[in-house]
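Work through the exercises below with the model open. Each task is followed by a solution in steps.

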Amino acid sequence: MVIKDHVKQRQVRVVTDRDVVPEVSSTSSFKYPVDEAFTIRAKRLSLRQSPWVYLRSSDGEYDQTIRTHESIELEAGYYSLDFTTPVKIYARFSDGASISKGMETFQIEFSEPTDIEFGVRSYHKRPAGSITTTGEPADLMSAISTLSSSLKTMSCERSYPTLRGYPPRIELGDELRIPDQFERPKTGIEFIVPPQLDYLFSAAPLTYYLGAELVPGRSPRLVTDHFEYQFDTNGRFETEVSELLKQFLFLDCVVRTEGLYQVDLHERHEVESSLPFDIKNIYDWPLREQLPSYLEVSFDEIEPYIPRWCLTAYLPPRPKDVRAIPHIVNELGIIREPRAHERAFERSVSEPGSPRRAVKPQKRSVEDEEELLNLVEPIISDDSIEHAWFGDGVPVGASKSSVESFEHQLDEIERNDSIDITVVCNDPNMIDEQETLDRVYGDREEHPFSVTTFFGVSKQKLAEILQEGQSDLLHYIGHATPDGLRCSDGELDIRELDAVSLNVFLLNACRSFEQAEALVKKGAYGGVATLGDIVNEHAVEVGQAIAHLLNLGFPLRATVELVHKHGSIGQRYIIVGDGSLDIVQPDAGAPMISSIEKIENDDYELSIQLFPTKFQQIGTTVTPHLDDIKKHFLHPGTIGGLTINKSQLIDYLTWNNYPFDMGGEINWNETLGVVLFED
């Protein structure tokens with residue numbers, strides 16, 4: 001049996017001991033929201049992956065996480081299982097059972113055929129509609145205040161991303177129109193800010209998370225009938241808002257361990273003794289009563305344990321840019337006003353004996369060719385994985401984002417079962433990169449690939465590929481200029497096409513940024529491009545690395561961060577569009593890279609850096625596949641300082657096909673069950 005999300009191209013394969021015919025059942029009987037429900041009858045079923053699984057029983061005897069290498073014998077009774085897989089799954093049954101969880105499988109077996117009821121939910125979120133507003137501050141305040149209507153709860157469980165819905169779109173119009181369906185939760189919290197767009201935009205993520213109402217006032221403050229919190233007025237408003245957002249989410253993650261999922265959370269152990277409140281008591285308090293206690297906590301004390309933030313967005317305080325706010329808030333992104341230094345960037349490179357992927361532009365003379373690109377370097381204040389620049393200019397050290405990259409995704413349609421990858425190699429001297437891709441993009445049962453390769457295509461053929469191919473990923477290898485992608489008969493300028501039909505792209509060619517921007521404007525979701533010339537040898541290295549990481553389920557933001565860190569020319573590559581994009585579900589849990597350092601004798605220090613995905617966003621938890629690690633850790637971030645011996649390390653690498661860093665270089669641990677590690 002295969003459970004599929006046809007929009008996000010995610011699937012979970014459930015192997016049963018016999019043929020099954022699912023019978024549709026009611027979704028309303030499940031405690032949590034589900035899209036579909038059905039029942040099958042089987043004696044044994046297994047998942048060919050090792051997901052996070054939470055077990056509950058009606059008598060309360062079992063309310064726990066099932067750990068790797070753990071087996072449980074259940075007596076007859078009513079039980080439910082909660083699976084964190086690429087498609088959210090709940091399963092219920094009334095019988096005794098044997099449950100076992102290995103490194104890459106989960107199995108449950110009954111004494112006789114039993115009815116198992118499933119509820120499934122897609123992680124795909126989309127707005128339920130649109131709010132229209134004018135550019136007047138009062139109307140913008142009302143529109144932003146309504147974004148929290150998508151929250152599914154105001155308890156601390158909203159720290160789980162699955163309980164934070166996609167906020168409604170915001171559109172500019174001639175009057176304020178808020179449909180009746182969008183009703184802000186009645187939290188009793190007011191966020192008073194000056195009626196200026198820079199304040200409103202920066203306040204939006206915290207306003208959303210608290211279900212607060214934006215109210216105009218001279219000095220910024222949070223107000224309820226129980227307390228008032230005054231913000232610093234000495235230029236720290238943006239920073240203070242971001243710190244409060246992080247603090248409230250983190251404390252909610254700690255407090256929720258007294259609720260629906262009573263997991264053994266590492267971060268709770270680290271901070272509980274220093275908290276000025278009792279976690280068990282505060283869990284049931286309404287939000288407006290929790291906040292004063294939360295605000296007594298020192299941010300500096302908890303900061304080392306807060307998950308690494310996924311997104312900081314640099315958004316101009318202009319009425320037209322309010323359209324981006326729902327998409328940023330959907331990821332709990334931090335919003336800052338664009339501030340940057342100007343920086344000149346040399347587009348050409350010179351490395352003796354190494355060919356470049358550059359060509360002389362056809363539409364301008366050599367004398368007029370721009371060798372310098374005027375960039376902006378954002379003033380970075382957060383350690384976010386992605387810094388998204390929505391302002392004018394081309395950023396360095398940040399992605400170039402736009403509303404279009406998010407809007408295109410909201411119109412997603414059902415796609416093919418396979419991941420469709422198109423490789424275009426338009427220069428025979430660069431075939432080395434194409435040949436390596438055949439070993440990277442492969443067929444796997446859980447998410448099969450369909451790879452189509454083209455060589456030396458014409459402008460007309462490339463236009464057909466872009467407009468009619470419906471590719472999940474375009475990997476272009478060849479030459480580019482700001483005026484087009486080089487084809488066998490000249491340059492194809494994407495700006496001249498009406499539309500394109502592809503999701504993600506890698507334009508591994510010199511100076512491909514302008515053409516990448518055009519792809520996003522014409523319909524693509526986002527991708528990776530170059531700011532300047534790239535030496536072919538280095539381009540092959542980067543192209544292979546990006547292909548490896550995307551193939552393992554890494555999102556663009558994590559992929560480019562690792563390329564910047566480990567690649568010799570990584571800084572010449574830039575994300576254009578939405579950095580949260582990926583093309584395939586990870587094999588197990590969150591994508592990660594492990595850092596290994598030998599200490600002494602046969603002991604090693606292991607650190608695991610985990611990255612978020614579309615279905616494992618900030619606020620989720622993870623447990624490493626190590627026998628000695630029983631706790632859950634907040635995600636994303638780094639689990640560090642783990643001391644293991646050589647035998648444990650080999651076992652870990654044997655069952656983990658994610659890359660590892662040893663000596664500053666990425667090592668591709670490509671084949672599950674085969675150790676590539678050596679002393």
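Predicted model: local features only at pLDDT ≥ 70, side-chain atom pairs only at ≥ 80, totals over all residues.

**Exercise 1. Helix α10**

Task: Find the buried residues of α10 (residues 431–440) and explain why they line one face.

Solution. First, pick out the buried residues. They are Glu 433, Gln 434, Thr 436, Leu 437 and Val 440. Now look down the axis of α10. The buried residues fall within an arc of 165°, so they line one face of the helix. The arc is that of the directions from the helix axis to the C-beta atoms. Last, find the packing partners. The buried residues of α10 pack against β25 (419–425), β26 (449–455), β27 (471–477), β31 (502–508) and α13 (536–551).

**Exercise 2. Aromatic rings and charges**

Task: Say how many aromatic pairs the structure holds, then describe the pair of Phe 248 and Tyr 294.

Solution. The count is 16 aromatic pairs. Rings of Phe, Tyr and Trp (its six-membered ring) pair if their centres lie within 6.5 Å; planes under 30 degrees apart count as stacked, over 60 as edge-to-face and the rest as tilted. For Phe 248 and Tyr 294, the centres are 6.3 Å apart and the planes make 35°, a tilted pair. This pair links distant parts of the chain: Phe 248 is in helix α3 (residues 237–255), Tyr 294 in helix α6 (residues 287–295), 46 residues apart. Check burial next. Phe 248 counts as buried at 1% relative accessibility. Tyr 294 is buried too, with a relative accessible area of 1%.

Elsewhere, ring pairs join Phe 191, Tyr 199, Tyr 229, Phe 231 and Phe 237 into a cluster.

Task: Give the distance from the charged end of Arg 56 to the ring centre of Tyr 261, and from that of Arg 92 to the ring centre of Phe 30.

Solution. The charged end of Arg 56 sits over the Tyr 261 ring, 4.7 Å from its centre. For Arg 92 over the ring of Phe 30, the distance is 3.8 Å. The test is NZ of Lys or CZ of Arg within 6 Å of the ring centre and within 35 degrees of the ring normal.

**Exercise 3. Leu 606**

Task: Locate Leu 606 and decide whether Leu 606 is buried or exposed.

Solution. Leu 606 lies in strand β35. Its relative accessibility is 1%, so Leu 606 counts as buried. Now list the contacts, again without residues up to four places away in sequence. Leu 606 touches Ser 594, Ser 595, Ile 596, Leu 626, Ile 639, Gly 640, Gly 641, Leu 642, Ile 644 and Tyr 652.

**Exercise 4. Backbone cases**

Task: Where are Leu 332 and Arg 511 found, and what is phi for each?

Solution. Leu 332 is in the loop between α8 (325–329) and β19 (334–336). Its phi is near 55°, a positive value in a residue other than glycine. Leu 332 counts as buried, at 0% relative accessibility. Arg 511 lies in the loop between β31 and α12 (513–522). Its phi is positive, about 50°, although Arg 511 is not a glycine. Arg 511 counts as buried at 6% relative accessibility.

Task: Is the peptide bond from His 635 to Pro 636 cis or trans?

Solution. Omega is near 0°, and the bond is cis. Pro 636 lies in the loop between β37 and β38.

Notes
Residues numbered from 1 in each chain as written. Heavy atoms only, no water. Buried < 20%, exposed > 50% of the residue type's maximum accessible area, 1.4 Å probe, protein only. Helix = DSSP H or I, 4+ residues; strand = E, 2+ residues; numbered from the N terminus. Contact = heavy atoms within 4.5 Å.
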